[in-house]
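Visitor: I am new to this structure. Could you show it to me and take some questions?

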Protein chains: 2
Amino acid sequence: MLIVGERINTSRKQVNEAVEKRDVLFIQADVKAQVEAGALLIDINAGSRFGSELEDLFWLIEVVQEAISVRLSLDSSDPHCLQKALRRVRDLPMVNSTTAEKSRFESMAPVIQERECDVVGLCMDERGIPKGVDQVMENAQRLVRNLEALGVKRERIYLDPLAQAVSIDTRAGLMALESIERIHKEFAGVKTICGLSNISFSLPKRSLINRTFLSLALKAGLSAALIDPLDKKLIGTLKATTLLLGQDPYCREYLKAFREGRLEN
Amino acid sequence: MLIVGERINTSRKQVNEAVEKRDVLFIQADVKAQVEAGALLIDINAGSRFGSELEDLFWLIEVVQEAISVRLSLDSSDPHCLQKALRRVRDLPMVNSTTAEKSRFESMAPVIQERECDVVGLCMDERGIPKGVDQVMENAQRLVRNLEALGVKRERIYLDPLAQAVSIDTRAGLMALESIERIHKEFAGVKTICGLSNISFSLPKRSLINRTFLSLALKAGLSAALIDPLDKKLIGTLKATTLLLGQDPYCREYLKAFREGRLEN
């Protein structure tokens with residue numbers, strides 16, 4: 001599974017302070033650690049920096065790319081920000097995100113067409129958060145069709161089934177898992193991605209629920225996840241799952257992570 | 001999922017000592033704790049007590065049944081022991097276990113016919129541990145056919161796919177998961193059960209692998225597992241999985257286990 005490192009997000013207090021103080025060393029040390037821990041992409045999100053988001057994105061992109069050779073995922077709700085920031089990214093970027101909503105999709109189209117990129121598509125539309133797997137699949141279909149029409153290759157499309165809180169809807173976990181399975185079955189070549197935090201909203205021991213969900217999602221076929229690669233318990237669950245799904249010949253990855261102290265029980 | 005509490009096993013040092021000293025209070029406190037933690041059956045295994053197995057089983061059955069009203073699973077490789085011990089069990093017993101081997105099955109037939117009971121069938125035959133899912137399914141078929149011929153109802157049959165060590169065969173986890181799925185699909189009504197310890201043989205952080213396997217097995221449809229219900233991390237994974245699979249309305253069970261301090265992150 002592709003790990004997209006989620007730590008460079010200004011909604012995290014320490015990152016916000018580092019951005020505020022233009023603390024180059026803090027940011028560079030953090031991304032180096034994420035990459036060493038297995039992140040193949042680094043997500044950059046400065047959405048909480050009202051008024052200075054674009055300027056902060058520029059700074060973060062420069063600082064990260066100076067430190068390390070890694071692909072970047074640009075994460076913003078503002079298409080203009082995304083479009084301008086995208087031009088500063090050295091290697092093939094990931095754009096996070098569009099939705100199936102007509103207005104959002106139209107405002108994101110020029111961003112996506114600007115250059116070749118991986119595109120995250122959230123499976124929601126004008127009706128809001130999907131109420132069931134069929135609605136997720138309708139949005140998935142619309143996203144695949146419209147992204148392909150823009151010239152995006154299937155293997156560059158990452159669909160997010162939008163896992164909701166199980167505390168609000170008992171079926172939320174099952175819905176997300178079924179959606180992942182069906183996306184891979186019905187749209188061969190298309191990838192799936194998800195974040196982990198919504199699912200456990202308002203419950204105690206959230207990280208336990210989040211990593212258990214990651215494990216089940218991997219079994220369902222999940223291609224990528226936005227996670228903290230320095231979370232040793234999460235990495236433990238990820239490595240153990242990969243092992244149990246027959247994707248770790250000779251247990252090499254599991255044993256390597258263990259020896260390097262990257263997984264915890 | 002049905003929890004079969006595995007702690008009363010004389011291969012565990014403390015239990016062996018308690019049996020040796022006829023320490024009634026130790027055994028009774030242990031089974032009470034297991035039942036409070038969610039065990040619906042208590043497995044009793046005195047197989048390590050060469051020469052005194054039957055006598056020790058008699059004592060354990062009496063002591064446990066005096067303490068608490070709970071179903072018992074009798075676990076022995078000796079059919080004669082099982083048959084005699086079975087007569088002392090108050091409520092519907094579980095017999096653990098037969099296999100699809102002709103000689104083992106024949107020696108277990110009178111035990112199974114002695115009284116109505118749940119029967120654990122290990123999916124192995126004369127060829128030994130199955131080499132692939134198809135071989136598991138052949139053994140499953142043979143067990144179901146032969147047990148039904150003895151008058152055992154489908155819902156009393158618990159098939160164990162015999163998860164092997166992933167350190168020996170990379171595909172072992174996947175094989176076990178596929179076997180569980182196929183057993184439920186092809187033999188409607190038949191149940192599945194498994195132990196967790198083989199899968200992680202010779203690897204570090206075994207309990208991490210074991211509980212991740214339990215989670216994936218639950219997704220595959222596992223009906224029952226022989227586990228330690230006092231293992232808080234294991235129970236955490238179990239409760240989180242049940243929640244994510246939509247089997248815990250209003251998160252009641254998860255929140256209850258959390259409040260009672262029965263789950264750990």
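Visitor: What area is buried between chain B and chain A?
Guide: This is a predicted model, and the value is computed from it. The contact involves 39 residues of chain B and 39 residues of chain A. Carbon and sulfur atoms give 70% of the buried area. The area itself is about 3400 Å².

Visitor: Which residue of chain B meets Lys219(A) in a salt bridge?
Guide: Side chains of opposite charge can pair when their charged atoms come close. Across the interface of chain B and chain A, there are two salt bridges. For Lys219(A), the N to O distance is 3.3 Å. The partner is Glu181(B).

Visitor: How many residues apart are Arg22(A) and Glu55(A)?
Guide: Their side chains form a salt bridge, at 4.0 Å from N to O. Arg22(A) sits in the loop between helix H1 (13–20) and helix H2 (24–36) of chain A. Glu55(A) lies in helix H3 (residues 53–67) of chain A. The pair links distant parts of the chain, 33 residues apart.

Visitor: How are H2(B) and H3(B) oriented to each other?
Guide: Their axes are 9 Å apart, at an angle of about 60°. Angles from 65 to 115 degrees would count as roughly perpendicular, and under 35 as roughly parallel. The two helices are therefore oblique.

Visitor: How many residues in the contact of H2(B) with H3(B) are nonpolar?
Guide: H2(B) brings residues including Val24(B) and Ile27(B), and H3(B) brings others, among them Trp59(B) and Leu60(B). One residue of the contact is polar and two are charged. The nonpolar ones number eight.

How values were computed
Residues numbered from 1 in each chain as written. Chains lettered and ligands numbered in written order. Predicted model: local features only at pLDDT ≥ 70, side-chain atom pairs only at ≥ 80, totals over all residues. Heavy atoms only, no water. Axes fitted to C-alpha atoms, helices over the stretch in contact; angles between N-to-C directions. Helix = DSSP H or I, 4+ residues; strand = E, 2+ residues; numbered from the N terminus. Parallel < 35°, antiparallel > 145°, perpendicular 65-115°, else oblique. Contact = heavy atoms within 4.5 Å. Nonpolar A, V, L, I, M, F, W, Y, C, P; charged D, E, K, R; others polar. Buried area = accessible area lost by both parts, 1.4 Å probe.
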